[in-house]
Amino acid sequence: MTSAVSEMSAPTLILFSSLICYSLAEKLPNVSPPNIIIMLMDDMGWGDLGVLGQPSKETPNLDEMAAQGMLFTNFYTANPLCSPSRAALLTGRLPVRNGFYTTNAHARNAFTPQEIVGGISKDEILLPQMLKKKGYVSKIVGKWHLGHRPQFLPLKNGFDEWFGSPNCHFGPFNSSFRPNIPVYNNSEMLGRYFEDFKINLKTGESNLTQMYLTEGLDFISRQAEAKQPFFLYWAADATHAPVYASKPFLGKSQRGRYGDAVMELDYSVGQILDKLQCLGIEENTFVFFTSDNGAALMSGPMEGGSNGPFLCGKETTFEGGMREPAIAWWPGHIKEGEVSLQPANVMDLFTTSLALAGIDPPDDRILDGLDLTPVLLNLSEKLENRPTFYYRGNELMAVRVGPYKAHYWTWSNSWEELKSGINFCPGEEVPGVTTHNQTEHTMQPLIFNLGRDPGEKYPLNVLSKEYQETLRRISPVVQEHQKTLTPGMPQLNMCDLAVMNWAPAGCEKLGKCLQPPESKPWKCSWPH
């Protein structure tokens, strides 16, 4: 399958998909509970969609998805970096609760590079594990990023199928000191990035998104034919640097190589929604599209996206780092063309999915996600005016309540990094706000009205009545949160070269096993 897909052009794929669709002849009857599809992009910014103002208008399928469903304009991730935000989505819990953070240094973002020893805790309950209670079959397509050692992989954590990789598509590496990253089909590797799964760093060409699309479409078709409820977690990573796209999309965007990747992902979303309609299961399938964190502005104009009017980007707890594009689609249930101002986040997808499936959430732990079905189904215009918590590592950096956001700490990145050319806020420096030292404001937080000032440029005057009233409103929320917070055991503290992807399961069959070095664990260093 892999080699065939790699040769397939986009027009061929459309025809291939259509033939499969029509071969099923008649529509399949709806079943209950509904199927669930979560599409999680990688480093795609709020400002990358035409429906949210991107002027090149190169996302027609996502724009149409929004026209047919509900657009969330106040949707957040749980962390400004990929691994913790993905852990939060699948557990419904803040990373500081589920253990996807570090205590090695204050307020540092941490993730799961090859040398990480830890991964998703065995004490956490993931969404696919819960969905099994109602007979769901679950598949992840794309990037996992919750740990690459055997006990942390998807099939050990509730998923029934997997096509993709445990890490991002970094490389190529010299296998004498760092192995190239494996791509798995279920529990065994199929090959490695840059070896068997090509990514041309010079041209940006790769067929990975087409492979991920084919895997998703095939899974949907099989489950529809079997009349089994399914959960598809479609986690394509083409918009993470180094960005890539297949040949039919390269050079087609006005936005460079990053725009080409966005166009191919938009096309893929359209193909998945078309497949659901073609199979006659669209009214029994809830689909949600979003991103894991804000656009990576440090990757520059060719390899990074747009966060629209919001300040800074990935790695920061300013709006550009954590406010995400988000669209819910469920024909016959969600009213067309709705725009919701409801503050929501990726952790809500855990709780909402359980509600749709008719499954009670776990009652032995605190969940940070809320059930969004009252908003989605127009049962209520608004849920409780829930707060949004912005964490960087183990530090509560900021809190949003209503339109107001209070910063208790500010930090973009260090002076040392900035001088070396790494800038998380290029062209967006705000004196006293985008600080390059970790700056504490606990006694007198910086407060912004995001309705008037989405770019977080003009802090409220501390002597103003508005500031005083807002602080009186937010302070009890912070106190209550901190009082009930029991941090999980940090999983991202230790590193070891010996745990890298030297000999993944299945490497023997392919002759791709490598000899690991001697184990010498150390405390990971997290500069951001």
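Exposed, in this talk, means over 50% relative accessible area, buried means under 20%, and partly exposed is in between, with a 1.4 Å probe and protein chains only. By that rule K465 is exposed, at 63% relative accessibility.

Quick housekeeping. This is a predicted model: local features need pLDDT of at least 70, side-chain atom pairs count only at pLDDT 80 or more, and totals for chains, interfaces and linings use all residues. Residues are numbered from 1 along each chain as its sequence is written, and side-chain values use heavy atoms, leaving out hydrogens and water.

Back to K465. Its side chain meets that of E469 in a salt bridge, 3.8 Å from N to O. A salt bridge here is a side-chain nitrogen of Lys or Arg within 4 Å of a carboxyl oxygen of Asp or Glu. Why about one helical turn between K465 and E469? Because they sit four residues apart in helix 14, residues 465–484. Helices are DSSP runs of H or I, at least four residues; strands are runs of E, at least two; both are numbered from the N terminus. E469 is partly exposed, at 40%.

By this rule the salt bridges come to 26. One of them joins K512 to E195, with the closest N and O atoms 2.9 Å apart. K512 lies in the loop between helix 15 and strand 19, and E195 in the loop between strand 6 and helix 7, so the pair ties together parts 317 residues apart in sequence. E195 is partly exposed, at 28%.

Now the domains. An automatic or database assignment sets the bounds: domain 1 is 35–384, domain 2 is 395–484. Their C-alpha centres lie 27 Å apart. Contact means heavy atoms within 4.5 Å. On that basis, 22 residues of domain 1 touch 24 of domain 2.

How much area do the two domains bury between them? About 2,000 Å², 59% of it on carbon and sulfur atoms. H106, L311 and F318 supply 30% of the area that domain 1 buries against domain 2, more than any other three residues. Buried area is the accessible area, with a 1.4 Å probe, that two parts lose on being put together, summed over both.

The count between the domains is one salt bridge.

Last stop, D368. It lies in the loop between helix 11 and helix 12. Beyond its neighbours within four places in sequence, its contacts include R93, R97 and R386.
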